[in-house]
Amino acid sequence: MNNVSVPHITQSAADHFRLVSASLPGDSKVLELRTNAMERFVAKGFPLKSDEEYKYSGTEKILKDEILWTTEIAPERVIDFDTIRNLHKDALHVFFVNGELIEQASDINALQNKLVICTLKNAAYDHAEVFNKYYGKNVVGFDDAFAQLNTAMACNGLLIHVPEGLIIEKPIQINHIGYANNQSFYQQHHLIIADKGASVNIIENYISNDQSDAYFNNQVNEIFIAENAQVKYYQLQNENKQVVHINATQVHQEQSSYFDTNTITIGSAWLRNNLNIKLNGLHCETHLNGLQILSGQQHVDNHTLVDHQMPHCNSNQLYKGILKDKGTGVFNGKIFVRRDAQKTNAYQSSKNMLMSDDATMNTKPQLEIYADDVKCSHGSSTGQIDKNALFYLRSRALSEDKARTLLLHAFAIEVIEKINIASYRSYIENIIEQRFE
Amino acid sequence: MADILEEVTGSEYKYGFTSDIEMDTAPIGLNESIIRFISEKKNEPAWMLEYRLKAYSKWLTMKEPKHWPHVSYPEIDFQNIIYYAAPKLKKELASLDEVDPELLKTFEKLGISLEEQKRLTGVQSNIAVDAVIDSVSVKTTFKETLAEKGIIFCSFSEAVQEHPELVRKYMGTVVPYTDNFYAALNSAVFTDGSFCYIPKGVRCPMELSTYFRINASGTGQFERTLIIADEGAYVSYLEGCTAPMRDENQLHAAVVEIIAHKNAEVKYSTVQNWYPGDKDGKGGIYNFVTKRGICLEDNSKISWTQVETGSAVTWKYPSVILKGNNSVGEFYSVAVTNHHQQADTGTKMIHIGRNTRSTIVSKGISAGLSNNSYRGLVKIHKGAKNARNFSQCDSLLMGDKCGAHTFPYIEIKDQSAIVEHEATTSKIGEDQLFYCKQRGIDTEKAIALIVNGYCKEVFNQLPMEFAVEAQKLLAVSLEGSVG
């Protein structure tokens with residue numbers, strides 16, 4: 001079984017698709033879209049190092065063995081949902097195990113009131129119109145092999161549809177618990193739709209308790225934000241250090257809408273975040289923030305693209321990384337300003353700290369600009385702990401360890417502070433603090 | 001504003017004339033026998049031919065780098081290029097009087113009077129010129145004066161004949177023929193170029209300069225420059241280039257290698273003004289150049305300064321490998337694109353030694369329908385302790401039909417490194433323009449003033465003679481291009 005080639009795995013995905021395609025949720029149009037996505041995936045194959053977009057994250061390293069395309073929950077495993085719930089009490093919780101919704105543990109009924117929240121499979125029947133209208137629409141123009149593969153094959157995930165004017169105060173926390181077998185590959189696909197003037201806060205929490213399992217999690221989140229609507233979308237990526245995680249968030253914003261995201265990455269062996277924001281209306285506002293704290297042999301790649309299609313939009317990005325041991329961090333961000341998107345304000349910043357000589361940081365902050373009346377800038381810096389600051393704290397009788405921890409904490413807090421849900425922010429603060437100890 | 005735009009688009013490339021010089025050319029196309037032909041023409045030793053053939057067979061296996069640069073151009077037919085074109089020289093020239101008068105006229109038109117150079121011998125601010133026309137060096141001035149100091153400054157072919165040990169020792173050490181598609185092509189078919197060697201402890205008393213001119217039609221220019229600064233030496237080197245206006249696209253693929261030994265310093269300045277094509281994007285030079293220097297030993301310094309205003313398509317990344325401890329690399333660039341020009345240019349700073357420093361200042365100006373990209377790499381190797389880099393990349397957009405892009409690559413493998421990168425994109429401030437106009441300066445002049453101020457940081461790095469030329473060039477390239 002050892003050492004199969006990447007093209008071989010691409011082929012095995014295509015074979016599996018042929019087996020299951022008829023049973024996937026959606027009408028004939030969706031099936032056509034899935035088939036097209038599969039074709040594009042096969043044509044492109046899993047991205048290798050030679051692919052400019054995966055220059056620092058070629059899949060040669062992670063795709064070495066046969067992949068199991070189906071996952072089953074091992075019944076003997078008992079999951080303590082309440083512990084997870086208690087860590088963040090001020091939220092409504094939804095639980096997924098290996099990409100399957102655990103309905104009896106989730107607060108879906110409490111949410112059902114006016115909001116539509118259901119699995120993708122149910123959505124295809126109960127909310128067929130919405131599902132067929134939105135599924136895959138934000139992925140079509142996005143030439144990423146993983147996202148195409150997901151769009152072709154995904155049958156799990158959630159549809160969250162917030163109707164016009166509805167404001168959901170309590171954050172919805174989606175907990176993903178990985179218990180999958182070695183080499184299993186599961187894919188979820190969320191559709192999050194906020195109609196005019198609606199507002200919703202969503203948190204995705206990725207955990208995996210079992211230290212021995214190495215699985216693949218390839219997720220796509222399609223977020224549609226209508227006029228004057230607001231979506232806050234936060235992720236805590238804390239799976240164990242065997243897991244390969246690929247996460248694509250495809251956002252489509254209409255006039256005067258607001259989107260805020262914050263990605264905290266501390267887990268996984270190999271992780272890639274793709275964030276694609278399309279600003280398709282005037283006066284949109286979008287904030288992307290991320291923090292990665294890596295140790296061991298972790299590899300984390302944050303890829304962002306903010307596509308300014310219309311005038312008078314603002315976008316802001318702040319990504320920070322702390323790299324210990326042999327950790328490898330990548331930040332690749334692009335501000336893309338189209339011909340018509342005058343009066344754009346776009347800012348991007350990437351700041352990183354290397355804590356060891358074996359750590360590596362690769363950054364590629366990019367500007368691609370076709371409109372002249374814009375203010376766009378980016379900054380990137382990589383360095384180590386400021387010796388003067390360290391000395392100052394040492395002179396105040398802090399131990400070297402304490403002083404370092406304090407400085408790292410101060411470095412990280414800038415990203416955490418941008419989380420706009422108080423209860424979740426303190427939850428993250430606790431986790432990060434533990435991480436520094 | 002529209003009128004002014006009209007005026008500029010009508011302004012002509014002033015170096016676009018052709019000269020009627022008797023030429024000696026190779027048959028069209030590329031194969032092994034062409035390479036043997038070139039080598040034979042130049043009466044090269046066997047090792048040189050062997051190097052060319054090795055490069056050629058490597059080139060055959062390589063692909064044109066088309067997927068990553070932010071430029072697009074039609075497929076180049078490499079079999080439809082003349083790889084060797086030289087002005088016919090009847091015999092060895094003993095003095096300038098024997099040079100073909102047509103040739104001298106050409107250089108006079110370009111503002112480089114070889115004769116005048118001769119007359120002014122002894123004046124401090126003189127520049128020694130190596131004039132290269134269609135891949136062949138026609139005349140090198142001040143050779144004797146330089147020889148007194150032990151400086152070797154001659155054409156590349158001459159160096160192959162007279163200093164084979166130096167050429168053999170250094171050629172291909174910085175840019176091996178395996179490096180990239182165009183470097184391989186150049187290594188196989190290069191015809192001439194400049195060679196410069198500054199011996200131990202010598203400070204070159206004058207600016208050395210090479211003037212490149214493409215003249216013949218249907219040819220490609222493939223020259224090679226090799227500069228070696230031995231221990232403690234210093235040299236400032238200038239490079240200028242122009243080409244006639246033609247409807248066809250001509251290929252220019254050069255290789256420049258710089259080697260700086262202990263405590264040596266090399267300053268390399270370029271004013272690149274190849275024919276950029278007409279206002280509809282017809283014709284122009286494809287400029288695919290590999291330029292790289294290595295700070296081989298401790299305390300050495302290499303500095304690149306470039307003013308890029310020409311070429312239809314530019315693909316150029318002057319780089320420095322900072323191998324010696326405490327070595328310094330610098331890159332200062334102004335890249336201007338107008339009409340349909342495309343430029344993908346920047347630098348690479350590879351930090352290997354300890355306490356190495358590099359500075360990157362890049363100013364891009366795009367106007368018309370052009371696209372101007374900065375693409376740069378800063379790489380800190382493991383063990384490159386206390387490496388320091390600062391990069392500043394600014395782009396200025398003039399008009400709403402052009403594009404300005406920044407693609408920096410930053411790869412860091414050492415925790416003691418401090419690397420900073422900043423980039424901005426904007427247009428000329430309304431308030432700045434208003435201020436100037438309020439003081440009675442018309443729009444045209446105000447723009448020139450503001451742009452000059454914007455580029456000042458880079459122009460300050462140029463030798464005086466070049467700085468003046470560069471400023472004028474900039475004014476011509478951009479005249480009224482603000483809409």
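This is a predicted model: local features need pLDDT of at least 70, side-chain atom pairs count only at pLDDT 80 or more; totals for chains, interfaces and linings use all residues.
Good morning. Residues are numbered from 1 along each chain as its sequence is written, and chains are lettered from A and ligands numbered from 1 in the order in which they are written.

Let me stay with the two domains of chain A. Seven residues of domain 1 of chain A are in contact with nine residues of domain 2 of chain A, where contact requires C-beta atoms, placed from the backbone, within 7 Å. The side of domain 1 of chain A that touches domain 2 of chain A has three nonpolar, three polar and one charged residues. In this scheme Ala, Val, Leu, Ile, Met, Phe, Trp, Tyr, Cys and Pro are nonpolar, Asp, Glu, Lys and Arg charged, and the others, Gly among them, polar.

I turn to the cores. A nonpolar core is a set of buried Ala, Val, Leu, Ile, Met, Phe, Trp, Tyr and Cys residues joined through C-beta atoms within 7 Å; buried means that 20 or more other C-beta atoms, placed from the backbone, lie within 10 Å of the residue's own. The largest nonpolar core has 217 residues, of which Ala194(A), Val337(A), Val235(B) and Val266(B) touch the most other members. Domain 1 and domain 2 of chain A both give residues to this core, so the core lies between them. A second, separate core of 19 residues includes Leu33(A) and Val139(A).

Next, chain B. Its secondary structure comes to 12 helices and 24 strands, taken as DSSP runs numbered from the N terminus (helices H or I, at least four residues; strands E, at least two). Of its 483 residues, 54% count as buried.

Finally, how do the chains meet? 32 residues of chain B are in contact with 32 residues of chain A. On the chain B side, strand 22 (388-398), strand 23 (403-412) and strand 24 (418-427) each supply at least two residues. That side divides into 13 nonpolar, 11 polar and eight charged residues. Strand 18 (residues 360-369) of chain A pairs with strand 23 of chain B in the antiparallel sense over six bridges; pairing requires at least two bridges found by DSSP. Within strand 23 of chain B, Thr406(B) is the bridge partner of Leu367(A).

Notes. A residue is buried if 20 or more other C-beta atoms lie within 10 Å of its own, exposed if 12 or fewer, and partly exposed in between; C-beta atoms are placed from the backbone. Domain bounds come from an automatic or database domain assignment.
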